[in-house]
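Welcome, and thanks for taking a look at this model. Please open the structure in your viewer and follow along as we go from the sheet to the side chains.

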Amino acid sequence: RARPVKASKRCSGPAAVTACAALPSTDDATRKLRSGSREPLLRIEALCVCYTLKQGLLRRKVGEVRALEGVDLRLLQGQTTLVVGEPGSGKTTLARGITRAAPIASGRLLLEGKDLLTLRGAELRATRGWVRALEASEARSADLLGSVRALLAAEPKLVIFDGALDDVAASVRTAIVRELSAAQAARGLTCLVLSRSLRLANLADDVAVLLAGRVVETGGGAMLGARPQHPYTQQLAGASRGVAAAEQPTNRATVSTPGCRFRERCPHAFARCAESEPSLFAVPGGTSRCFLHDPSASGR
């Protein structure tokens with residue numbers, strides 16, 4: 001049975017930081033170094049979710065909103081992945097996509113090698129209990145810990161916490177994490193935590209940062225939490241510490257525009273940022289979708 005290797009144990013102290021920094025990216029070779037040769041429980045490939053915009057009495061289609069665009073994630077068995085982003089970044093859409101409650105335009109959801117988007121009939125029904133989600137609204141109940149225990153009693157393979165750990169008391173969060181850790185150690189439970197705060201980074205093995213439906217940074221939990229590379233992630237880290245963030249444009253997270261999606265709020269933006277969207281470039285211990293980290297750039 002898989003036993004989790006927590007990021008706080010893997011990447012703590014100066015020596016561990018040095019080791020993490022030596023890992024150039026989150027490509028296949030690096031992932032094997034960080035987590036062994038295990039295949040992920042859930043592989044999310046190029047996931048796109050689009051919502052149709054309609055108006056008028058006849059509800060005619062006038063456009064589309066791309067809530068998720070080309071999202072790639074790997075959730076390893078027995079580990080915890082944190083996806084963090086501001087409200088409207090696509091976190092809940094991601095959870096709804098995994099549970100097939102959102103209109104998926106393209107991509108694949110491979111759960112133990114089976115594409116959830118192609119399953120029908122008996123095969124689909126057989127997987128219904130494999131993925132369970134707990135939403136933020138349920139976290140406000142008087143018996144949150146009872147809800148978590150009931151969820152774990154169903155023995156799912158993957159549990160999703162969609163904002164459910166954001167506003168709970170520290171003592172309750174600690175108790176929930178203890179329950180999850182026990183289930184991870186006992187039967188390799190995989191956890192996906194969706195949050196608006198980087199404060200939970202130390203609880204995760206891996207972190208992905210969402211901005212306007214796009215992954216803009218990835219890395220190990222302890223490493224990314226301590227040393228975020230992308231300017232947007234750095235702003236989220238500041239907000240987690242109580243530092244006031246820049247004003248957020250209305251509906252910014254649901255509109256696709258040319259160039260970097262963070263450029264209007266970025267203190268480092270330059271001309272190239274408005275011309276095209278950056279790729280994910282390698283940074284110490286992960287990747288960052290920022291031209292500041294383009295190794296081929298000779299200058300701005």
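Two strands pair if DSSP finds at least two bridges between them. Helices (H or I, at least four residues) and strands (E, at least two) are DSSP runs, numbered from the N terminus. A word on the ground rules: this is a predicted model, in which local features need pLDDT of at least 70 and side-chain atom pairs count only at pLDDT 80 or more, while totals for chains, interfaces and linings use all residues. Residues are numbered from 1 along each chain as its sequence is written, and side-chain values use heavy atoms, with hydrogens and water left out.

**The sheet and its helices**

Let's begin with the sheet. Eight strands form an open sheet with mixed pairing, in the order E6-E7-E8-E3-E9-E10-E12-E11. At the edges are strand E6 (131-135) and strand E11 (281-283), each pairing on one side only. Direction ignored, neighbouring strands here are turned by 25 degrees against each other on average.

Strands of a sheet pair through backbone hydrogen bonds, either parallel or antiparallel. In which sense do E6 and strand E7 (residues 158-162) pair? Their pairing is parallel, over five bridges. Alanine 133 stands opposite isoleucine 160 in E7.

Helix H7 (residues 144-153) touches E6 and E7, and its direction makes about 170 degrees with that of E6. Helix H8 (residues 170-187) touches strand E3 (80-84), E7 and strand E8 (190-195), making about 160 degrees with the direction of E7.

**An enclosed helix**

For exposure, buried means under 20% relative accessible area, exposed over 50%, and partly exposed in between (1.4 Å probe, protein chains only). Helix H4 (residues 91-98) is largely enclosed by the rest of the structure, because six of its eight residues are buried. The buried residues of H4 are Lys91, Thr93, Leu94, Ala95, Gly97 and Ile98. After H4 comes arginine 100, with a positive phi near 60 degrees.

**Salt bridges**

A salt bridge is a side-chain nitrogen of Lys or Arg within 4 Å of a carboxyl oxygen of Asp or Glu. By this rule there are 13 salt bridges, including the following.

| Salt bridge | Closest N to O distance |
|---|---|
| Arginine 43 – glutamate 45 | 3.7 Å |
| Glutamate 45 – arginine 108 | 2.9 Å |

Glutamate 45 forms a salt bridge with arginine 108. This pair links distant parts of the chain, with glutamate 45 in strand E1 (residues 40-55) and arginine 108 in strand E4 (residues 104-111), 63 residues apart. Glutamate 45 is partly exposed at 22% relative accessible area, and arginine 108 is partly exposed at 39%.

Arginine 43 also lies in strand E1. Is arginine 43 buried or exposed? Arginine 43 counts as buried, because its relative accessible area is 16%. Setting aside neighbours within four places in sequence, arginine 43 is in contact with Leu73, Arg74, Arg108, Leu109 and Leu110.

In the remaining pair of the table, lysine 61 is exposed, with a relative accessible area of 53%, whereas glutamate 64 is partly exposed at 46%. Elsewhere, salt bridges that share partners join Arg66, Glu69, Arg214, Arg261 and Glu277 into one network.

Notes
Contact means heavy atoms within 4.5 Å. Axes are lines fitted to C-alpha atoms, for helices over the stretch in contact, and angles run from 0 to 180 degrees between N-to-C directions.
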